[in-house]
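Have the structure open while you read.

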Amino acid sequence: MSALVQSLRVVGYSARNAAADFAATYTWRSWTFGWVGRMLSQVVFFTLAGRVLGAPDQARSRFIGNAVMTCVVEAMMVVASSVWERRAGTLPLLVASPADLAPVFFGRSLQWIASGVATSSIALLALGPLFGIDWTAVQIPAVVLLQLLTAVGSYCFGLVLGVLVLNAPQLRNIASNVAYLAMMSFCGIQVPVDYWPAPIRLLAAVLPVTYGVRAMTALSAGGPAGAVWRPAAAVLLLGAGWLAAAFVAFRVFAERGRRDGSLEFGQ
Amino acid sequence: MTAVEAVALRRTYDLGRGRGGGQREVVALHALDFRVDEGTVHGLLGPNGAGKTTLCKILATVLLPTSGGVRVFGNDVVSRTRQVRQSVGVVFGGERGLYSRLTARQNLHYWCALYGLPRRALLARTEMLLARVGLSERSDEKVDGFSRGMKQRLHLARGLVGDPRLLLLDEPTTGMDPVAARDFRLLVAELRAEGRTILLTTHDMAEAEAVCDRVTLIDGGRALATEHPRALGALVSRNERIEFDSPTADALPGLPALPGVVAVTTLSPGRYRVETTATEATKAVIGLLLDRGATSLTTTRPGLEEVYLKLIGNRGMEVGR
């Protein structure tokens, strides 16, 4: 069995764990009226805030940005849920197994991607017409695909943060919240990226959501195909880069844990 | 063949800088020499902080030695980590280490996948292990609802998914009720009969005596003694012992004067112990005691608990460093 096939199998079995966690966290009712309701309210709030503050021309881009952001917010939950392995006491057992840690952790929190893409799809497709954005039937698959790309790319970035907080589990929620709030601020969601100084623009340039929002904005405006697929390709490349970084980070984490003794049995 | 061989194994933990600015560290294993023969059940006994779990973690490849060498079936744990991981299974006691929202079957499927089992083998191994630990009937229930004993059985099954030649059991019966603990020991005996090597850390002397071929007493990161559990008694006393009941003490007069008798002690009201230096003396004492109507005669050697207390000392609640 090739290493790739073996890794994909591990991702698949790990994803079952993710599904079990999701089923234990939500019922259909609490997900629909609790989680989705909360996220739709957030999208409406930020879009209307743009209008109230006297920037009605930005309402469209704010809506797109905040709707796409809902899948990123959820994807970033991978930061916190990666730490669950420590809570379950399975981390040393995972390190002691012959499997790579990265595929395990990649599969372990996939529930957030599925839920996030569903949430942002509802936001874009159901709320869009209220803010003057109508989608054609042909555009709908592209809408979903772009969100999937953005969610996966952001998830890979979140995996790298997840490795970092494995050694500081108490920071798990702070890290994920700070990360997505920074994205909302710097990546063209609430204000254009150009508003920020160069160092922050540089940070935004390596985060997949920046390009995901650009691609979705171009798609909603019926722009040329190149204006959609070029930023979409950037999301894909950045996501792959962050995934590669996560592979390295998990190996470094395991080796560091072996050196400093931070992998306790039962933790 | 040697399953485990540690030579001058040392592991320290960095505690950061002290008030004087110097680096502080605690020594968990102190130039430990240690060996486990293949196909045996080897017990590791010692107080909290003795270094038992540190040794298990090094063998499980989740901790690196600071210096010295450790080989598992000839593979160095540092340079041939992958080979070591393929040959070692880890089971520790307690509630954690399982996915509580998955069923027992899903847990085993998951771990089998991590050990690279192809689908057909994965399914077969899972069913075999569930049957082996007696969880087939409950295999589709979430682990969340399992009792501690059931979780420990599942822990053992999980430790066996990779078909390991060496099984590390780190205080596996912690919190188990006596029946579950007995069943667990029977399973350990079965695994030994299959030719697997088992390294068992425990505080339970009866457990060590019941299942171990050899026992190493460890304290302060050093091995104090390694022997068969019964032979360890000789480290405390080479004398034979006869214990008996004599409610009215009629059997006692003249016993201390018999040739070869070195001590007569009262264990409890009406219960006594005679220590002799040779088998001939033991025979003579038994004959005399039977003539005098003593009952409940037993011949004993110092138990593991006595050896443990003698060599390691009675520290009460103190934790070693």
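**Rings and interface at a glance**

Phe186(A) and Trp196(A) are both buried. Keep in mind that this is a predicted model.

**Aromatic pairs**

- Over all chains, the count comes to 14 aromatic pairs.
- One of them joins Phe157(A) and Trp242(A) edge-to-face, at 4.8 Å centre to centre with 70 degrees between the planes.
- That pair ties together distant parts of the chain: Phe157(A) sits in helix α9 (residues 139-166) and Trp242(A) in helix α13 (residues 225-260), 85 residues apart.
- Phe157(A) counts as buried because its relative accessible area is 12%, and the cut-off is under 20%.
- Phe186(A) and Trp196(A) also pair edge-to-face, with 4.9 Å between centres and 85 degrees between planes.
- Here Phe186(A) belongs to helix α10 (residues 172-186), while Trp196(A) is in the loop between α10 and α11 (198-205), 10 residues apart.

**Chain B against chain A**

- On the chain B side 37 residues are in contact, and they touch 38 residues of chain A.
- Together the two chains bury about 3300 Å², 58% of it on carbon and sulfur atoms.
- There's one salt bridge between them: Arg101(B) meets Asp21(A) at 2.7 Å, N to O.
- Polar contacts across the interface come to 15 residue pairs.
- Elements giving two or more residues to chain B's side include β1 (2-17) and α4 (119-132), and α3(B) supplies the largest share, five residues.
- By class, that side has 21 nonpolar, seven polar and nine charged residues.

Definitions and conventions: Residues numbered from 1 in each chain as written. Chains lettered and ligands numbered in written order. Predicted model: local features only at pLDDT ≥ 70, side-chain atom pairs only at ≥ 80, totals over all residues. Heavy atoms only, no water. Contact = heavy atoms within 4.5 Å. Buried area = accessible area lost by both parts, 1.4 Å probe. Salt bridge = Lys/Arg side-chain N within 4 Å of Asp/Glu carboxyl O. Polar contact = N/O pair within 3.5 Å; in protein donor to acceptor, adjacent residues only side chain to side chain. Helix = DSSP H or I, 4+ residues; strand = E, 2+ residues; numbered from the N terminus. Nonpolar A, V, L, I, M, F, W, Y, C, P; charged D, E, K, R; others polar. Phe/Tyr/Trp six-rings, centres within 6.5 Å; stacked < 30°, edge-to-face > 60°. Buried < 20%, exposed > 50% of the residue type's maximum accessible area, 1.4 Å probe, protein only.
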